[in-house]
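I'd like to walk you through one structure, starting with some side chains and ending with the overall picture.

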Amino acid sequence: MLELQNIILEMIATGEPLEETAARLCIEAEKASPGTLCSIITVDAAGIMHPLAAPSLPADFAALAEGVAIGPDVGSCGASAFLGHEIAVTDIANDRRWASYKQFAEPLGLLACWSSPILERGGHPVGTFAFYFREHRGPTKGERELVRNCTHLCLIALDRERRVAEHRRRAFTDELTGLANRAAFEATLSTLDCAVPGDWAMLMIDLDNLKIVNDTFGHDVGDCLLRAAGDRIADAVAPERVFRIGGDEFAIILQTKSALRDLDRTAERILATIAEPAICGPQIIVPRATIGGAVLSAGDRAPERVRQHADFAMYHAKETGRGGFVRYWPGLGSTMTRRLGDIRDVDAALRDDRIDAFYQPVIRLDTREIVGVEALCRMRMGDRVVAAAAFHEATKDAHVATALTARMMEIVARDVRRWLDMGIPFQHVGINISSADIREGALDKILAHTFERQRVPLKHVILEVTEAVYMGDDDQLVQASIEGLRAKGMKVALDDFGTGYASLTHLLTVPVDILKIDKSFVDRLSPDDNSIAIVEGLVQIAGKLNIRVVAEGIETEAQAAQLAAIGCNLGQGYLFSRAVDRDATTDLLLHQSQDPAALGAAQSATNISPFRRRQ
């Protein structure tokens, strides 16, 4: 008995399939009680029986129980499950419970059957454990003890299977809508066959007005909108499977001939169904959606390709006119293709925690000491580390841009806290921000919350903004936002100066602490090039305005010497260091950070602070 228990418990603990565990239990029980034939049946919540294991019985005989409802006259097993106690039939041929089944048992020489219910706590039946005999008899005392152990082991195995199934259900179900979720979508996608063109298609659906509803009426109403949309999409395409794969994004994999026959008509039916007014609490909301679709084509060797095409089509539909359907066609647009690919890569990297910060030091050109670092976004792809330029198109999407900035701030705040805790005389870190960060209106809260949580004073933060952002269409909004951030103790750097508007008159009005001269000027530095005069004039003007100047992209000692000669004290570039990971940055800071005592002496002697605040 102990050996049987150990065998089965080990199989349960190691996660062996339920069917294999049940079959092994039957075999071991038959060994312990020679001459018996064992059967295990499960009973679902509706009281329907499903054969689980009967290794010594013919498969067609065991299958007789499939789909049959339990009841007082449904054989030994159906009766024991229904009544909640053991049923010992010693004469199958003459027992009323077997009236409908004895003709199947007699040819097999089965004369008696003793079945015991497997009951959950509370008495609800979840299965039966039965012994068949080839003689007219009931159970012995030893068999009763054996079966008590076996039903207990069955209950443990079934309970574990239920828990695993529930965990799987939760893992693959969207809690809000009850639809399959992104994980289920990815799993289903991996099983699709791409051998036959036109065999399946994919629709990507994006709700157009969720953000407006959330902002106007609150997230409870927005959640109601999502549930209503999910239910309607599922109804419109039943029996196709619908997935909620993002906040306001749904996906459908179409495989029925009727849906594939006319993809446009299918999409129109979905849009019409979605657009019916929905009652969400006190509000009546009319959902709006945009759909992109793609059919498996001859060149699509992987399901991901069709998914990408459907995404392209949806994005194109949103750009050309929300509320409609666009079907993918070859050559939909290389720029959009690249952008969507980048967005997908970045989204995946954010989910998988593969976004990281590398740092390039800012150097005092006279002493070669580090006075600060610039944080640069990097994405890890396998063994490769990809620079932000490789996924620049993705940052044109406002959601991606703000998500990247928020993640970078979290990483940078942790790193700065670590350096401060190590006693490094850390001064400043520059963080690049986009117009989307400012337009969203939450940048100051994100900054304050992130750095306060890590106990990093905002005086250590420099916000780096390009001219295109600072002086674009929303220049007044941007400037007002930046001024508010500066009031909290942060400094602002105007990045890539000279590549955008490059108007010196802006320096009279915009709140700037630092100018970063673009690499294109530094590359052309030579005595006979006009760039030297431009940079020298810029350094002098900035100095009089108490604006610090940092030269970017310094690659040679000659460039460093020329910049120092015209009064540019700070620079960064490959001559000093490429952007490196946090460990390499830590090593650089430990060996090259500007000493606080030397910093104070230098400031007293020269009246120059590396990043002195412009008042």
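Phe185 and Phe243 are both buried, and I'm starting with them in this predicted model. Their ring centres are 5.2 Å apart and their planes meet at 65°, so this is an edge-to-face pair. Phe185 belongs to helix α7, residues 182-189, while Phe243 sits in strand β7, residues 241-244, so the pair ties together parts that are 58 residues apart in sequence.

How many aromatic pairs does the structure hold? The count is 10. Another of them is Trp98 with Tyr132: with centres 6.2 Å apart and planes at 80°, the pair is edge-to-face because the angle is over 60 degrees. Here Trp98 comes from the loop between β3 (87-89) and α5 (102-105), and Tyr132 comes from strand β5 (residues 125-133), so parts 34 residues apart in sequence are tied together. Trp98 and Tyr132 are buried as well. They also belong to one aromatic cluster, together with Phe61 and Tyr101.

Now to the backbone, for those of you who like to check torsions. As a reminder, most residues other than glycine have a negative phi, and most peptide bonds are trans. Going from Ala238 to Pro239, the peptide bond is cis, with omega near 10°. Pro239 is found in the loop between α9 (219-237) and β7.

Then there are two residues with positive phi. Arg455 is not a glycine, yet its phi is about 60°. You'll find Arg455 in the loop between α16 (443-453) and β17 (461-466). Is Arg455 buried or exposed? Its relative accessibility is 56%, so Arg455 counts as exposed. Asp496 also has a positive phi, near 55°, but Asp496 lies in strand β18, residues 491-497. At 25% relative accessibility, Asp496 counts as partly exposed.

Let's zoom out. The protein has 23 helices and 21 strands. Its radius of gyration is 35 Å, whereas a compact globule of 615 residues would have one near 25 Å. Along the principal axes, the C-alpha atoms fill a box of roughly 115 × 60 × 50 Å. Even so, buried residues account for 50% of the 615. Of the contacts between residues at least 6 apart in sequence, 65% join residues at least 24 apart.

Terms used:
Residues numbered from 1 in each chain as written. Predicted model: local features only at pLDDT ≥ 70, side-chain atom pairs only at ≥ 80, totals over all residues. Heavy atoms only, no water. Helix = DSSP H or I, 4+ residues; strand = E, 2+ residues; numbered from the N terminus. Rg over C-alpha atoms; globule rule 2.2 N^0.38 Å. Buried < 20%, exposed > 50% of the residue type's maximum accessible area, 1.4 Å probe, protein only. Contact = heavy atoms within 4.5 Å. Phe/Tyr/Trp six-rings, centres within 6.5 Å; stacked < 30°, edge-to-face > 60°.
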